[in-house]
Amino acid sequence: MSSPRVLIYLLRRDLRVADNPILNEVGKVTQQSQRPFTHFLPVYVFAAQQIEVSGFLSPDTERSPFPQARSQVGGFWRCGPHRAKFLGESVWDVKKGLVGIGSGLEIRVGMAGQVIKELIDAFKQANTEIAGVWMTDEEGMEEKREERNVREVAENAQTEFRLWIDEKYYVDDRDLPFQSSQQLPDVFTTYRKQVEPLREAPRRSLPAPKSLLPLPKTIPPQPAPFSIPETREEILSCLTKPLEPGLGLFNPPKWPPNAQSAHPFHGGESTGHGRIKHLITSGNMTTYKDTRNGMLGLDFSTKLSAWLALGCITARQVHEYLVAFEEGKSDLGKGVHGYGKGENKGTAAVRFELLWRDYFRLATRKFGPRLFRIEGFKNDASYPWKYAQKDKEVQHTVSRFLEGTTGNGFIDASMRELFLTGYTSNRLRQNVASFLAKHLGIDWRIGAEWYESLLSDYDLSSNWGNWQYNAGVGNDPREARVFNPVKQVMNVLALLSTPLWR
């Protein structure tokens, strides 16, 4: 009898079963009589550099071997309670999905390269061969470092390493109108015109595999000093336990009476698809163009961004739902305004916004570490930024900004909503970024890091790219753009009094 051969799949922000190229390929292999591997091991690592993992320490351990996962400029927790919860739910949901097709998910804590090395070494000691290590390509400095580390571990173990294209975006990398990211236009509109018509741009999504090869009979345990709980609730508790309720604020916002969150959603592939279906059947995809700049309620915008950021759903899956609705090929949305009548301004606007996510991701690829530098993509060192580390008055101003007590009700409402719910609207995000950078003249990275910590839908490229854009150091052709918070309030009041159908 031949020895077992295990393929390891390291998941990161591809937390889905359907439209997952790696799972699709493994599903095909499962149907073959001769297979290059006998067992399949999906692994997810709560990365210690990005998520505070001390909540996973065993009861008899006091200190984590890893430094606290805090941001470089503001010293904030890099993953706050709202995103930690959404992430934990998403990880658990994909685990359930994998179990449903004969596999599972091994959850780990630590650094990706170290985790893979420990697994390979333990399997070798058990006379189990590692057939390969597969993972999906991602943008970002830390993400590229992870990929290099895992590649090095695999190559040192003389096993195959394969980096797959990240296919959760709207336009596939293989269909881009240029060969190098350095050819990406510095203006979004120019890029959009290169890939239009948008309705014809995406590739087809991939079906979920019907079955997968089994997990190895014996899986090495999580090494000390950490332990991995066996329930969803315990996982969520471990992720949020180290985070103090006020997140370091002296006067943290408090819930007003009878207030409700505009983002009461749970993470996971199943809830992501449920949200898309709701948007279609409620007519909100059709009205999206008219309502997208709203600020209150559940359905003025799609709010799909948290699921898209973690790869619980893909942009091309959203597109296919829209096509089925536009062409009347599905009962989903039958009877809703716009059903079977082709693309409308609402569905076209959804595609437009999905392309923005693509663009910021490609800009990250093009500019690399400049994404995180105060000079931005433009490498502009001329602006006299104010730094909280150097001035106590600026420190005080930053504290009031984070607590939502600046005295500008529009900005303060957004900052309080962000702290309490993990969400604030796109229009408010633009105003907040402009207020911090253009009105206060304070280091815009403070805002970007605070958003990274608190947003449930945090996406590296979209967050940092948008902050640069609104701070005037990114890909905005109108460098002098400044949002007027008072004017924006009046615009919202006018929108609330305008009927959608006229």
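Which residues of β2 are buried on one side and on the other? I looked this up in a predicted model, where local features need pLDDT of at least 70, side-chain atom pairs count only at pLDDT 80 or more, and totals for chains, interfaces and linings use all residues. Residues are numbered from 1 along each chain as its sequence is written, and side-chain values use heavy atoms, with hydrogens and water left out.

Entry on β2. I found His 39, Leu 41, Val 43, Val 45 and Ala 47 buried on one side, and Phe 40, Pro 42, Tyr 44 and Phe 46 buried on the other. Buried means under 20% relative accessible area, with exposed over 50% and partly exposed in between (1.4 Å probe, protein chains only). The strand spans residues 39-47, and 9 of its 9 residues are buried. Strands (E, at least two residues) and helices (H or I, at least four) are DSSP runs, numbered from the N terminus.

Entry on β1. I checked residues 5-11 and noted 6 of 7 as buried. β1 pairs with β2 in the parallel sense over 6 bridges; pairing requires at least two DSSP bridges between two strands. Val 6 has His 39 as its bridge partner, and Ile 8 has Leu 41. From β1 the chain passes through helix α1 (residues 21-30) to β2 in a right-handed β-α-β crossover. Right-handed means that, with the strands pointing away from the viewer, the path from the first strand over the helix to the second runs clockwise. I also traced β1 to β4 (residues 129-136), again parallel, over 6 bridges. There Leu 7 is partnered by Gly 132.

Entry on β3. I followed 5 bridges from β2 to the parallel strand β3 (residues 106-110). Val 109 of β3 stands opposite Phe 46.
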